[in-house]
Amino acid sequence: MKKANLFIISDLHLSAGYNEETKSYSREEDFFFDNEFRRFLEHLEKEFPGSNHLIINGDVFDFLQVNGDFAAKMEKEGKAKLERSERDYGLGTEPDKTVLKLQRIMDGHKTFFAALRNFLANGNELSIISGNHDIELFWEKVREELANILSNKDAAIKNKIKFYPWFYYDKDNGIYIEHGNQYDNWNSFKIIINPVMPEPDKKEKILLPFGSFFVRYFFNKVEDFNPFADNIKPSSRYMAWAFKTHPLRSLRLLRRYVPALFKAFFRSGGLSKAQEAGLIKEAEPRFNAIIQETGLSRETLDKLNSKMIPPVTRGKLAFIINSAWLGTIVFMLLIFALALFIQQIFALSFWSLLTSLLGLLFPVVQWLISKFRKDQTGKILRGIKKEILKEVKIIVMGHTHDPDIRKIGEDCWYYNTSTWTTVFSDEERLIREEKQFALLKIKLTDKGSDAQLMRWNDAVGECEPLILFEKQKNA
């Protein structure tokens with residue numbers, strides 16, 4: 001029997017895309033590569049006709065970045081009844097509202113969806129794993145709508161589309177694929193396969209992690225100011241630049257949206273033990289479905305779940321912010337006082353000095369945050385391999401937008417498939433295009449699997465090895 005070739009990509013982040021009415025792109029859009037994606041799938045079909053399995057490992061959609069203007073339009077057309085915050089920040093996470101967002105994404109990325117429809121119509125397979133930006137694929141109504149869009153409601157084609165709420169596991173070939181947000185405390189869900197609000201009257205809303213609220217309540221507004229803001233890494237470098245070049249607009253942005261961000265932080269707080277137990281009980285049918293699909297035991301699933309890092313709103317940083325909010329206010333007052341003091345001594349412009357101090361503050365804040373976001377990837381991967389899935393030979397994740405290869409133990413390799421959006425960081429300035437169109441190709445044979453981290457080179461129309469540097473020593 002001929003085996004399909006696996007091609008794994010992640011983090012495409014499609015949002016509202018191109019607007020036919022305005023003949024322009026949404027300012028929150030990050031994916032401008034619909035034609036490149038189409039040519040990539042056409043290449044796969046030409047090279048391996050009808051024998052490709054495309055796995056999109058999370059964040060294929062960015063439901064968080066379909067903005068408030070669209071929400072207002074839906075309300076005006078009578079398609080959605082909005083809560084007050086939705087008029088400014090976009091539609092919420094309910095199934096009906098997410099379907100509207102999905103339809104908007106499809107309208108803004110017609111070439112992308114047409115390419116996937118052709119890919120599936122030619123006999124290829126598609127698997128979609130949920131990420132933190134498209135966690136709303138949790139809703140059956142949303143998955144059904146997407147399957148209908150991609151299959152034109154053809155039952156045979158719909159059978160070639162599969163959804164995975166947590167991970168993809170192939171025991172026969174020793175492959176484990178997960179998005180990776182569960183190991184990032186700013187974007188992890190306490191109960192990944194039942195990520196809903198615990199209150200009975202809010203069961204059709206997702207309990208978002210703080211990272212999602214940060215995008216929704218703050219960084220989307222930053223992108224109104226600069227559409228490529230969230231492509232600049234680290235974010236502190238962008239914020240320092242913004243205060244230096246556009247001080248007044250940056251201050252207005254902080255004054256208007258940071259309070260909403262702090263409010264969101266408290267809203268994304270942890271679950272009580274009773275609420276957690278209730279959500280786990282509700283999730284039992286989903287656990288059973290994963291057990292039947294993968295052949296893994298419930299004990300193994302519990303061990304995998306135990307490797308996740310609890311959401312930041314349940315950790316030390318949450319305690320500091322919740323108990324020391326007054327200290328934060330005092331600290332900001334000290335910044336103002338320091339600016340006034342220096343201005344009096346050196347006769348400098350107060351606003352110029354204040355924005356310079358705030359610009360210097362952001363790298364310090366980024367450093368403090370990093371202390372609560374230690375890279376535990378190696379430890380987690382070793383635990384998964386050694387303690388839980390001893391037979392696994394290939395572990396694949398995305399989420400970080402950084403390509404990576406690591407050897408785990410004696411016979412296992414970890415790959416991070418990076419992103420298909422553009423990322424600007426200091427170390428990538430010379431070869432930043434190497435970060436675009438990254439993928440993992442796994443060739444399955446009777447003798448085993450052969451994996452290679454690659455990139456789609458659209459200029460020459462073929463896949464080629466991805467350039468990676470060795471890890472920095474003594475860092």
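View 1. The side chain of Asn 416 reaches the backbone nitrogen of Ser 418 at 2.9 Å. The structure is a predicted model, in which local features need pLDDT of at least 70 and side-chain atom pairs count only at pLDDT 80 or more, while totals for chains, interfaces and linings use all residues. Residues are numbered from 1 along each chain as its sequence is written, and side-chain values use heavy atoms, with hydrogens and water left out. Asn 416 lies in strand E11 (residues 412-416); helices (H or I, at least four residues) and strands (E, at least two) are DSSP runs, numbered from the N terminus. With 1% relative accessibility, Asn 416 counts as buried. Buried means under 20% relative accessible area, exposed over 50%, and partly exposed in between (1.4 Å probe, protein chains only). A polar contact of 3.2 Å links the side chains of Asn 416 and Thr 400. Such a contact is a pair of N or O atoms within 3.5 Å; within protein, one must be able to donate a hydrogen and the other to accept it, and residues adjacent in sequence count only if both atoms are side-chain atoms.

**View 2. Arg 406 in strand E10.** Arg 406 belongs to strand E10 (residues 404-408). Its relative accessibility is 21%, so Arg 406 counts as partly exposed. The side chain of Arg 406 makes a polar contact of 2.7 Å with the side chain of Asp 404. Arg 406 and Asn 416 are ten residues apart along the chain, and their C-alpha atoms are separated by 9.1 Å.

**View 3. Strand E5 and its two partners.** Four of the five residues of strand E5 (residues 125-129) are buried. Strand E4 (residues 52-57) runs parallel to E5 and is joined to it by five bridges; Leu 54 stands opposite Leu 126 in E5. E5 is also joined to strand E6 (residues 161-164) by four bridges, again in parallel. Ser 127 has Lys 162 in E6 as its bridge partner. Two strands pair if DSSP finds at least two bridges between them.

**View 4. The loop at Asp 154.** Asp 154 sits in the loop between helix H6 (140-151) and helix H7 (155-158). Asp 154 is partly exposed, with a relative accessible area of 34%. A polar atom of the Asp 154 side chain lies 2.9 Å from the backbone nitrogen of Ala 156. Ala 121 is 33 residues from Asp 154 in sequence, and the two are 9.4 Å apart in space, C-alpha to C-alpha.

**View 5. Two faces of helix H13.** The buried residues of helix H13 (residues 298-306) are Thr 300, Leu 301 and Leu 304. These residues cover an arc of only 100 degrees around the axis, which puts them on the same side of H13. The arc is that of the directions from the helix axis to the C-beta atoms. Exposed residues Glu 299 and Ser 306 are carried on the face of H13 turned away from its buried side.

**View 6. Lining of the second largest pocket.** The second largest pocket is lined by 34 residues, of which Ala 16, Asn 19, Asn 67, Phe 70 and Arg 104 lie nearest its centre. Among the elements that give two or more residues to this lining are strand E2 (18-19), helix H4 (95-108) and helix H8 (210-225). On a 1 Å grid over the protein atoms alone, a pocket is an open set of points where a 1.4 Å probe fits, with protein on both sides within 12 Å along at least five of seven lines; lining residues have an atom within 4 Å of a point.
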